[in-house]
Amino acid sequence: MARRSNPAVRIAQETAHNAMFDADGKPKPGVHNMLLKAVQIQRPLVLAYIRRLQKKHPRATAAQLAAIAERDYLRAVTGGGALVGATAVVPGVGTVASLGLSAAATVGFLEATALYATSLAELHGIRLTNPEKAGTMVMAIMLGEEGTALLGTLSGQAAGGAKPADVWGNMLSKSSIPGFGSVRKKIQHAFLKNLLKRQGTALFGRALPFGIGAVVGGAGNLVMGRAVAQNAREAFGPMPDTIPGELTAAAGPDNLTLEGNTLGSKR
């Protein structure tokens, strides 16, 4: 006997889709800007996070700090997805309200990803003082080989040639990069296309009623988070033997602190 579909699930999916996309299936105005802004993390927040890890683990190597950052990242994005999904069972929280939380969770996922990826860059000695360049690097890492190959074209070297951390460090630290705008647009286009395709299922899942969203949201974020972590490890290559640059100095009191699980940004 064929299983009957739950009309509530269909309605939730349609409501979620209509809130994010227009009649032609294109993201509504403001969605792109929201997603792109989420990956442009400010460097002081990244340094504050790394120094917080150093205070907790004063003898940790760069590789150990990177492993701790990855663990925190996966815990944060998985917990965030599950928490948002669970709100769908609360009486009085309708599908539209739940979708609003889903959109917030998507931004939270991207901000956590930006903090993790940029922290990894700093541990490799890459100083990303420009949020736009940092965001471009984060998008490239989320895309995997396609994104890192596009970044490689800026330096005139294909990905996999010289050590990626050295190539990116020299390139992204420059105040002016020939062709950066064009490559950034290509990375943006591919990033948004892939993100909306991948995040769409998780977004709709978190808007489903009766607690189903708690499972879909957490599981979806874990899969995406693990993929990001693997992409980052492959993109940056082996960790350096020593902690580079200003991070070697003893961390003083931070004016900027990251609350909660340390994987959020203050704007």
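Predicted model: local features only at pLDDT ≥ 70, side-chain atom pairs only at ≥ 80, totals over all residues.
Read from the N terminus, the elements run α-α-α-α-α-α-α-α-α-α.

How much of the chain is buried? Of its 267 residues, 48% count as buried. The chain exposes about 13200 Å², and carbon and sulfur atoms supply 56% of that area. Contacts tell us about the fold as well: among those with a separation of 6 or more, 82% come from residues 24 or more positions apart.

Now for the charged side chains. The count comes to four salt bridges, and three of them are worth a visit here. In one of them, E122 pairs with R43, and the closest N and O atoms are 2.6 Å apart. This pair links distant parts of the chain, since E122 sits in helix α5 (residues 95-123) and R43 in helix α3 (residues 43-56), 79 residues apart. Are these two partners buried or exposed? Both E122 and R43 are buried.

Another salt bridge joins E70 and R233, at 2.9 Å from N to O. R233 counts as partly exposed because its relative accessibility is 42%, which falls between the 20% and 50% cut-offs.

Finally, D72 forms a salt bridge with R71, with the closest N and O atoms 3.3 Å apart. D72 has a relative accessible area of 14%, so D72 is buried, whereas R71, at 38%, is partly exposed.

Notes:
Residues numbered from 1 in each chain as written. Heavy atoms only, no water. Helix = DSSP H or I, 4+ residues; strand = E, 2+ residues; numbered from the N terminus. Buried < 20%, exposed > 50% of the residue type's maximum accessible area, 1.4 Å probe, protein only. Contact = heavy atoms within 4.5 Å. Areas by Shrake-Rupley, 256 points an atom, 1.4 Å probe, with all protein chains shown as cover.
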